[in-house]
Every structure is written in C-alpha cells, then in structure tokens.
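Please open the model in a viewer and keep the selection tool at hand.

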Amino acid sequence: MSLEQEAVSRRRNATPEAIIGGGDGIDVLPDEILQHVLSFLPVPEAVQTCVLARRWQHLWKSMPVLRVTGEGWILNRRGVRKLNKFVNHLLLLRDRTAPLHTCEVELGTFRSQDDPQINLWIRHALLCQAQVLSVHLSRDNNSFDLEDLPLVSRHLTRLELCNVMLNGNILNFSRCPALEELWMRDCYIALDVILSQSVKRLTILDCMFYQNARTRISIPSLVTLEFTECWGRTPFLESMPSLVTGSVKLTNCDDCCGKEAGSSCFNVSNTCENCGANNDGNGDCVLLNGLSEAKSLELIAKPGVFIFRRDLMRCPTFSKLKTLLLNEWCMKTNLSALICLLQHTPVLDKLTIQLCEAINSQMVTKESYNPIELPFATKKLKVMEIKCETIDEKVHKILAVLDTYGIHIGQINIHRSIGSSEDFFSGIGSWTSSTLESEQALPHISGAGPPQPRSQSKLPLTERSASEHD
Amino acid sequence: MAAAPSGSRTRMVTLISKGGRNFKMPEAVALVSSRSCREALDYIEYRGNNTMMIKLLDIDPKPVSMLVNFCNHMAAAATSAASDDAAQRMREWEERFLGDDVDQALLYDLLSAAISIQADGLIDLVCKRVAHMIKGKTPQEIRTILGIQDDLTPDQRDEIRTDNSWIDI
C-alpha cells in the first residue's frame with residue numbers, strides 16, 4: 001500500500017463507532033487516540049471517564065500508558081492506603097490482554113509506616129509487557145528500597161530510577177534482553193555488579209555508591225556512557241568494545257587524596273589508595289581500560305581526585321579516540337598526564353582542555369622540565385582548544401610543552417570564559433574565543449622568562465566572541 | 001536509504017490537502033517528525049530528485065498547513081542546544097501555536113492530520129491540550145466540552161457505578 005493510501009485508511013478504518021455516533025465532537029477520533037488523551041490525565045480521572053458514554057465505558061481498561069503520580073501531594077498514612085487500594089484495583093481490573101507500554105510512578109513525599117506497593121506494581125507492569133518503566137520518588141524518601149530481585153522481561157527497553165535504594169540483584173539485567181537504556185539519578189547503589197548484555201545507553205547522575213568496595217559495571221554492549229558527580233567509591237568499568245561516547249565527571253567521589261591537590265594525604269587509617277601500598281587488590285585500571293574503545297571522551301575531575309592519574313600508570317591505548325576533553329588534572333607534574341594520554345591516542349584529532357582559575361595553582365609546579373626523546377609517531381592534532389578564564393601561564397605552559405614534544409597542531413582555539421568557576425563545573429557560562437590558524441608547528445616558546453603575550457606571535461590572531469556557551 | 005545524489009537540490013515531501021492545496025517540507029524535517037515518512041523512506045531504494053507526495057484529501061488546508069509549520073519548527077528546535085531557556089521558549093511557542101483561535105474542530109482536524117503521518121510530537125501536544133481541557137471537570141462538563149452524546153440509560157449508569165465502586169464516580 002502506498003504511503004498516501006495508508007494515511008487515508010488509517011483514519012477511515014479506525015472509527016466505526018464514530019460513524020454511528022456522528023457529530024463533530026471528539027468521537028471522530030479513534031480509540032487509541034482517546035486513550036492517549038486519557039494517559040495525560042491523573043489516573044483516577046481517566047478511570048472516571050467510564051460514565052461519559054457507552055463508548056467510554058471500557059476505554060480506560062486498555063490504556064497502554066499508566067502514569068501514577070502523587071501530583072505533588074504529601075501522602076500521609078491514609079493517603080498511602082488510598083493510593084495502594086486504587087492502584088491495586090486498577091491493575092487487577094484493567095484488561096489483561098491489553099499490553100501496557102509505559103508505566104510511570106512519580107510520588108512526592110510519603111510519611112507513613114505503610115509503603116506504597118511500588119515493587120508489586122513494577123512486577124505487574126512487567127508482566128503486562130511494559131516497555132518503559134520509570135520510578136521517580138522524592139528526595140525526602142531516599143531510603144525507599146526497591147526489592148532486590150532481578151527484573152524479568154522480554155519487552156523492557158527503558159528503565160528510569162530516581163531516589164531509590166538499590167541492593168542485591170536488582171541491577172542484574174541478564175533476564176531483560178531488550179533493555180537498551182538505563183537512567184539513574186540520586187539513587188543509592190549498594191551492590192556488587194550492574195550487569196547487562198544489551199544496554200546501549202547508561203546514565204548515572206548524582207548517585208551514591210557503596211563505600212566499602214567498588215561496584216563493577218559489566219555492560220559490554222554499551223555505546224554511550226554518562227557518569228556525573230557521583231559519591232562514594234568510583235565503580236569499576238569492565239571492557240566495553242562498542243563504546244562510542246563517554247563522559248565521566250568525578251567531583252564528589254571518595255577516591256580523593258590531599259597529595260593530589262598539593263597538600264598532604266587526609267585519608268584516615270592509612271587506607272588511601274593513592275599513597276602507600278594499598279590498592280584494589282587487582283591493580284587494574286578502574287575507568288580508563290573500560291573507556292579505551294571510545295571515539296569521544298570527556299574526563300573531568302576536581303582537584304584531589306586520583307583515579308585518572310592512577311589509571312594512567314597502566315594506561316591502555318585508545319585506538320579509536322578522535323575527540324578528548326580534559327580539565328586541570330592532566331596538568332599535574334608538568335603535564336605528564338597529558339603527554340601520557342597523547343602517547344596513547346594515535347588517531348586523536350581534537351583535544352580540548354578546560355581550565356578554571358579558582359583551581360589551586362599548585363596544580364602547575366614551577367620545576368623546569370627536560371624534554372626527552374619519546375617514541376612518538378609524528379603526532380598531529382587537527383584542533384586544539386583551550387577554555388580558560390584568563391590566558392595565563394598555564395595556557396602558555398600547555399602550548400610550550402606540546403611544542404617541545406614536536407606535536408603539530410593544525411588550529412588552536414582559545415576560549416575565554418566569562419562565567420565563574422562554579423559555573424564551569426556545572427556546565428554553564430559563556431565564552432569568547434580567539435583562533436589561531438597555523439599550518440606548521442608553533443614557534444618554540446622559551447621556558448625561562450615571562451610568557452610572551454599572544455599578540456607578539458608571528459601567527460595571525462582573530463578575535464571571535466561567542467554569546468552562547470558551546 | 002539512498003543518499004541524496006551530489007549536486008541535487010533539497011528533496012521535499014509534499015502534503016496535499018482537501019481542495020488540492022500543496023504544503024511542502026524538506027525531507028530532513030519529515031524524517032525527524034513523521035514515523036510514516038521514516039518507514040516509507042526505508043523501503044525506497046532510489047528516488048532521485050522526486051518529491052514524496054502524501055495525499056490528505058479529506059483534511060482542510062488550515063490543519064495541514066499547521067502540521068507542516070509544527071514539523072518545521074520542531075526540526076529547527078532539535079538542532080539547537082538544549083537548555084532551560086530553549087525549553088521555556090518551546091513551551092511559549094506551543095501556547096501560541098494552539099492559541100485561542102484554535103477551536104475544537106480545528107484541534108481534531110489537526111490531530112487527524114498528525115495521525116495520518118504519525119507525527120508523534122504533534123499527537124502528544126494536542127492530546128495533552130485536550131486532557132488539560134477536561135482535567136478536574138465533572139462528567140457533564142466533560143461531555144459538553146468534548147461534544148460527547150450521553151447515550152447511557154440510568155440503569156446502565158448505575159451498573160457502571162456499582163462495578164467501579166472502588167473509585168468515586
């Protein structure tokens with residue numbers, strides 16, 4: 001059937017009742033659309049449409065989308081009991097042959113010894129072939145446990161969890177072969193492993209990880225990873241051969257040591273993994289190995305976090321990496337971390353370094369450096385970007401060191417931020433930029449004496465200002 | 001899906017409304033907005049520069065034109081960066097798009113047009129608007145707003161209430 005014939009038949013064939021009913025009210029629309037409208041109402045009101053007319057009597061029973069929301073109310077004991085009674089009746093009395101496509105539970109604060117029976121509703125939704133499941137609780141209820149049994153479903157494709165406690169085997173998705181997207185925010189994750197053979201997109205935001213041992217993330221099918229501002233011990237990433245994009249922002253984690261920030265170790269009881277002989281036991285990379293197949297990476301760490309630098313001691317080769325974004329952590333000890341990464345990224349095209357003035361300037365030491373012969377293939381970067389608040393000695397140092405190692409850079413963009421350092425970590429703020437075009441390596445900049453101001457370079461300088469943060 | 005041959009002008013998709021009026025949008029826009037177009041184009045091996053024509057001959061020109069307008073706007077919004085500002089601007093645009101001059105008949109025609117090409121974004125928007133119109137209203141008010149004929153006998157209504165005594169009707 002051609003597209004045009006299909007379009008016409010889809011509308012005509014769908015509404016036998018409409019032809020009987022007549023009129024130009026909403027009855028011209030097919031059942032699925034009326035049910036789509038109902039899915040945007042609070043569920044009790046959707047059920048109440050059963051008294052509108054004959055056609056509406058049973059529509060609610062096969063609604064494919066269920067949104068159980070607390071509508072922002074704080075539920076007391078009576079409220080929780082009422083909610084449980086309502087949802088349990090709803091699930092029992094709806095048409096069991098009508099598959100459920102989406103089930104969303106979004107509840108505000110509940111102050112009650114009786115819990116909403118969320119675990120039961122989740123399992124029922126999965127039995128009804130739900131493809132999308134979402135549980136959002138409020139921060140005040142951050143001790144609500146999801147039942148620690150694995151989920152079982154051939155249909156589940158997306159799971160969203162916010163403000164729940166996760167223990168035991170709940171994140172073992174070996175019996176959810178269709179699951180592609182896992183999104184978690186503000187959860188407490190106290191389990192050994194997050195396991196899936198099918199998930200392609202993993203997003204973990206602001207979660208708290210178990211503090212006594214590292215959680216393992218074993219998702220070999222992963223394509224996109226976002227891991228931002230989590231607490232507790234950074235999880236261990238197992239190999240991810242299909243990974244394309246990874247963004248890891250370590251700001252609040254427990255893997256922190258004062259020595260990284262230029263002072264002394266503040267970890268108690270000599271258990272610091274950065275100092276002394278203590279380590280995880282297997283001595284593997286926590287993050288970088290798992291990220292080594294990516295084409296594009298953002299690796300951001302606040303001062304004191306030692307994970308990236310420690311991983312570099314066993315740095316893998318990033319054989320597909322084309323785009324890399326780093327912040328100050330790569331500048332420690334005369335940019336040795338940056339150089340190490342450049343040695344292990346054979347096809348890198350674009351390197352971006354974000355600098356923030358408020359970061360302790362001890363990050364950049366004043367030792368002189370000795371350029372040594374390195375087994376570098378002739379390294380070429382197409383684009384190098386530096387985002388900073390002021391063009392200070394850190395910027396010059398980066399360019400000087402890269403030049404010393406003979407790294408050829410096609411184009412250098414320098415973006416100056418007008419935001420504050422806090423804005424930087426939260427990703428807002430705006431930038432002005434200047435661009436240097438260059439076909440050959442930069443002229444050598446002497447390490448002794450004051451840095452040369454940019455305008456004295458022989459290269460043309462164009463100022464460009466961007467009003468939007470890019 | 002075949003790539004556009006180099007040097008060709010932008011390929012278009014044309015919707016034809018009642019009265020034979022044509023409304024065009026670029027193929028890239030149609031791909032983003034319409035599931036039907038995505039599926040159809042998957043099956044077509046080579047189109048050259050031909051325009052895909054979709055006949056919506058029983059829908060008035062105004063809703064079809066609004067549909068094309070919506071698709072163009074959504075495709076443009078999708079390319080710019082997401083931010084709270086952008087989300088706010090989108091909400092304001094949606095308010096104006098389904099403004100006071102859009103009566104119910106137009107709303108349902110617009111929905112019919114969106115259903116025809118499976119433009120999920122517009123289907124969601126109109127359904128949310130209809131839900132908003134009836135939220136918190138009594139059954140009689142809802143019947144009036146949506147133009148529903150009450151064809152239940154009192155006995156039937158009582159029976160429904162008894163069956164569903166677990167909610168307040």
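Two residues are in contact when heavy atoms of theirs lie within 4.5 Å. This is a predicted model, in which local features need pLDDT of at least 70 and side-chain atom pairs count only at pLDDT 80 or more, while totals for chains, interfaces and linings use all residues. Residues are numbered from 1 along each chain as its sequence is written, chains are lettered from A and ligands numbered from 1 in the order in which they are written, and side-chain values use heavy atoms, with hydrogens and water left out.

**Stop 1: chain A as a whole**

Select chain A, which has ten helices and 23 strands; helices (H or I, at least four residues) and strands (E, at least two) are DSSP runs numbered from the N terminus. Of its 470 residues, 51% are buried, where buried means under 20% relative accessible area, exposed over 50%, and partly exposed in between, with a 1.4 Å probe and protein chains only. Among the contacts of chain A with a separation of 6 or more, 62% are between residues 24 or more positions apart.

**Stop 2: A:Leu402**

Select helix α9 of chain A, residues 393–404, and find A:Leu402 in it. A:Leu402 has 0% relative accessibility and therefore counts as buried. Not counting residues up to four places away in sequence, A:Leu402 touches A:Leu338, A:Leu342, A:Met384, A:Ile407 and A:Ile409.

**Stop 3**

Which residues have the most contacts inside the largest nonpolar core? They are A:Leu166, A:Met184 and A:Leu291, and the core has 175 residues. Such a core is a set of buried Ala, Val, Leu, Ile, Met, Phe, Trp, Tyr and Cys residues joined through side-chain atoms within 4.5 Å. Centre the view on A:Leu166; leaving aside neighbours within four places in sequence, its contacts include A:Leu146, A:Met184, A:Tyr188 and A:Ile189.

Most residues other than glycine have a negative phi. Now select A:Asn163, whose phi is positive, near 65 degrees. A:Asn163 lies in the loop between β4 (158–162) and β5 (165–167) of chain A, and its relative accessible area of 6% makes it buried. A:Asp186 also has a positive phi, near 55 degrees. Its place is the loop between β6 (181–185) and β7 (188–190) of chain A, and A:Asp186 is buried, with a relative accessible area of 17%.

**Stop 4: parallel strands of chain A**

Strands of a sheet pair through backbone hydrogen bonds, either parallel or antiparallel. Select β15 (residues 245–250) and β17 (residues 296–301) of chain A, which run parallel and are joined by six bridges; two strands pair if DSSP finds at least two bridges between them. A:Lys249 has A:Ile300 of β17(A) as its bridge partner.

Follow the chain to A:Asn327, in the loop between β18 (323–326) and α8 (332–343) of chain A. A:Asn327 is buried at 1% relative accessibility. A polar atom of its side chain lies 3.0 Å from the backbone oxygen of A:Ala301.

**Stop 5: the sheet of chain B**

Turn to chain B, where three strands form an open sheet with mixed pairing, in the order β2-β1-β3. Strands β2 (22–26) and β3 (52–55) of chain B are at the edges with a single partner strand each, so one side of each lacks a neighbour in the sheet. Neighbouring strands are turned by 20 degrees against each other on average, direction ignored. Strand β1 (residues 12–16) of chain B runs parallel to β3(B), joined by four bridges, and B:Thr14 has B:Met53 as its bridge partner in β3(B).

**Stop 6: helix α7 of chain B**

Finally, select α7 (residues 139–146) of chain B and display B:Ile142, B:Arg143 and B:Leu146, which are buried. These residues cover an arc of only 100 degrees around the axis, so they are on the same side of α7(B); the arc is that of the directions from the helix axis to the C-beta atoms. Among the elements covering them are α5 (104–116), α6 (120–134) and α8 (154–163) of chain B. Just after α7(B), B:Gly147 has a positive phi of about 70 degrees.

Terms used
Axes fitted to C-alpha atoms, helices over the stretch in contact; angles between N-to-C directions. Polar contact = N/O pair within 3.5 Å; in protein donor to acceptor, adjacent residues only side chain to side chain.
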